Amino acid sequence: QVQLVESGGGLVQAGGSLRLSCAASGSIFSINAMGWYRQAPGKQRELVAAISSGGNTNYADSVKGRFTISRDNAKNTVYLQMNSLKPEDTAVYYCSAEVVHTTLKEYDYWGQGTQVTVSS
């Protein structure tokens, strides 16, 4: 089994910053893409940012220039640095990972979610 444990959410004023972390543990051989998604009340879950095992990144247009995704492959951890936060960034943020097990089979995993609230 594999677990993704997120941390770093909280309440921040508009214009502030937060850094989310997500650490994967368990029967991991390697991890391919990792990403962050978010879901606001009454809205569908949307991709915020993703990063490949080689470090290639892509971002939602709404966060480009404000958010930065990175990863530490040695620690099986992905980060999301969020700057210049806006009230519309308020959501539950979920990390995801494409994990190759020690059995060499690949499965997708999700974290439990962490709340980010940006006050105006």
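Figure 1. D61 is exposed, with a relative accessible area of 64%; here buried denotes under 20% relative accessible area, exposed over 50%, and partly exposed the range in between (1.4 Å probe, protein chains only). D61 forms a salt bridge with K64, and the closest N and O atoms are 3.1 Å apart. A salt bridge is defined as a side-chain nitrogen of Lys or Arg within 4 Å of a carboxyl oxygen of Asp or Glu. By this rule the structure contains four salt bridges. The model is predicted: local features need pLDDT of at least 70, side-chain atom pairs count only at pLDDT 80 or more, and totals for chains, interfaces and linings use all residues. Residues are numbered from 1 along each chain as its sequence is written, and side-chain values use heavy atoms, with hydrogens and water left out.

**Figure 2. The salt-bridge network around R38.** Side chains of opposite charge can pair when their charged atoms come close. A network of salt bridges links R38, E46, R66 and D89. R38 and E46 meet through their side chains at 2.7 Å, N to O. R38 is buried, with a relative accessible area of 5%, whereas E46 is partly exposed at 35%.

**Figure 3. The R38–D89 salt bridge between a strand and a loop.** The closest N and O atoms of D89 and R38 are 3.0 Å apart in this salt bridge. D89 lies in the loop between β8 (77-82) and β9 (91-101), while R38 belongs to strand β4 (residues 28-39), so the pair ties together parts that are 51 residues apart in sequence. Both D89 and R38 are buried. Strands are DSSP runs (E, at least two residues) and helices are runs of H or I with at least four residues, numbered from the N terminus.

**Figure 4. Arginine side chains over aromatic rings.** The charged end of R19 sits over the ring of Y79, 4.1 Å from the ring centre. The charged end of R45 sits over the ring of W110, at 4.8 Å from the centre. A charge counts as sitting over a ring if NZ of Lys or CZ of Arg is within 6 Å of the ring centre and within 35 degrees of the ring normal.

Figure 5. Most residues other than glycine have a negative phi. S84, which is not a glycine, has a positive phi near 50°. S84 is located in the loop between β8 and β9 and counts as partly exposed at 42% relative accessibility. L104 likewise is not a glycine and has a positive phi of about 75°. L104 is placed in the loop between β9 and β10 (106-110), and at 57% relative accessibility L104 counts as exposed.

Figure 6. The protein chain has zero helices and 11 strands. Its C-alpha trace spans about 50 × 25 × 25 Å along the principal axes. For 120 residues, a compact globule would have a radius of gyration near 14 Å, and the chain agrees with its value of 14 Å; the radius is taken over C-alpha atoms, and the globule rule is 2.2 Å times the number of residues to the power 0.38. Of the 120 residues, 41% count as buried.
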